[in-house]
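The sequence and structure are shown below for reference.

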Amino acid sequence: MTAPVLPAAFGFLASARTGGGPAPDAAFATRGDRTVIGARLRRQSLAATLVHPPESIPETAHAQDADTAVLVAGELYNRAELLSVLPAGSAPEGDAQLLLELLHRYGPHAFRLVNGRFAALAQTGDRVLLATDHAGSVPLYVRLAPGEVNTATEAKTLGDPATPRGFPLADARRVPGLTGVYQVPAGTVLDIGLESGTAEAHRTWTPPLARRVLPEREAVDAVRTALERACAARVPAGGTPLVVLSGGIDSSGVAACAHRAAGALDTVSMGTDTADEFPEARTVAEHLGSRHREITVPTEDLLAQLPYAVWASESVDPDIIEYLLPLVALYRALDGPPRRILTGYGADIPLAGMHREDRLPDLDTAVAYDMATFDGLNEMSPVLSAVTGHWTTHPYWDRDVLDLLVSLEAGLKRRHGRDKWVLREAMAGALPAETVLRPKLGVHEGSGTTSSFSALLIAHGVAEPSVPKAKQQVVRELFGRTVAAGRHPSGVSTAEVVRSVADGLARGAA
């Protein structure tokens, strides 16, 4: 089942209450139109603001009956499977209505059936359910107060200092600088009693710990089939997909599968004045016959967009911000109407692509560690592209693809001296040989982001051994200004923050 061009809603800010009240004001980083909705149920009410694609009506992002209401930001990818478990003749219109019917049939466990990229709110009786997809790829935040649950897909929208402090949540992660705001874990339904404020977490997905031993050919076929299905589910109906293309095996594999599903393809590559991967990407684009575009962002302009990367991702991890910075710069440079964008992001985690050695125990240890610690980093947040109205989706983190890739034994990931061997073999017939054999290079490495960020700090007097610490401080200061304090990133200077951090380190060393 192919996807619509854009989801019905990119995000929301909602308040579930025992009484009535107006919809909360929203300060989204996501670009789009806003629609206020309200619902009165038997025991509670809903007031919400949806942010959605321009000139669209987000009707299918909201559904309700007498005692249950559902909001969905994002999209579901296994709709046909989900429809098959509903009674004959059931024909829900849109993802919210589909979830509403599944909730009536399965309760909170309905979310264990869903493969998607979404965050959802469901109100039923005196309970509020907050649900994230298996990867938490659409972040969801919550702030509790007596008789009221406030939730949003962007933490900054919950940061009003006039709001009561709220209740603590043992099963969620505190957001730094935003008192009483917590992030709902990935693959979780947070079941909240509206009147009591108590919450219980139900896990709907966990990374597989067991490993599968498969013959080479069977493993290769399974990976190719799973990736093709994931890309097909994300290709817009009647449209041409846009793929971010570096020329590495990850993005090239997605491009090949998307082209197969749609019959046509647009691709785009990003570089800076210090580094790019344009020749490698061009090789793939020419092989697939895509309409290809190359965008060069000057290094100075790239680093000036650090506030936007932090503002959009709401992450305080400097390594993640470095990975995301070139992508944010690319999305902000894309002109024209909003697009659905497929990426190759995330394949390194289940395949240990950045772990370049042949010792299989260490390789599998890296996979297990990365899968246990990805949550809350927000590296796949749709806000990264939605700051300019685009919608991104990542086939390697499709639930079925992820279940398969993580569970493969390490010898299928590092084999015959090659990293990500099973993926390379799966794409061997669809891509040029030089692409299949090309060594791994991270997006931040190919664009020169890491070296440029380090050089900026060193130019401001930071000693090389102190660069990692300085990066952490810069990112935390940017988070404090843009997310916690609510300043727009256009009014936050990267150079000013770097100078401040460098001066502070120099005083500390004196």
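Is phenylalanine 10 buried or exposed? In this predicted model, phenylalanine 10 counts as buried, because its relative accessibility is 4% and the cut-off for buried is under 20%.

## Aromatic pairs

The count of aromatic pairs comes to four. One of them joins phenylalanine 10 and tryptophan 391: the ring centres are 5.8 Å apart and the planes meet at 5°, so this pair is stacked. Phenylalanine 10 belongs to the segment before β1 (11-17), whereas tryptophan 391 is in strand β18 (residues 391-393); the pair therefore ties together parts that lie 381 residues apart in sequence. Tryptophan 391 is also buried, with a relative accessible area of 0%.

Phenylalanine 374 and tryptophan 397 form an edge-to-face pair, with 4.9 Å from centre to centre and 70° between the planes. Phenylalanine 374 is found in the loop between α10 (360-373) and α11 (383-386), and tryptophan 397 in the loop between β18 and α12 (399-407), so this contact ties together parts 23 residues apart in sequence. Phenylalanine 374 counts as buried at 10% relative accessibility, and tryptophan 397 counts as buried at 5%.

## Charges over rings

Tryptophan 391, the stacking partner of phenylalanine 10, also has a charged group over its ring: the charged end of arginine 117 sits 5.2 Å from the ring centre.

A further arginine contact involves tyrosine 308. Arginine 332 lies over the face of tyrosine 308, 3.6 Å from the centre of the ring.

Note on methods
Residues numbered from 1 in each chain as written. Predicted model: local features only at pLDDT ≥ 70, side-chain atom pairs only at ≥ 80, totals over all residues. Heavy atoms only, no water. Phe/Tyr/Trp six-rings, centres within 6.5 Å; stacked < 30°, edge-to-face > 60°. Helix = DSSP H or I, 4+ residues; strand = E, 2+ residues; numbered from the N terminus. Buried < 20%, exposed > 50% of the residue type's maximum accessible area, 1.4 Å probe, protein only. Lys NZ or Arg CZ within 6 Å of the ring centre and 35° of its normal.
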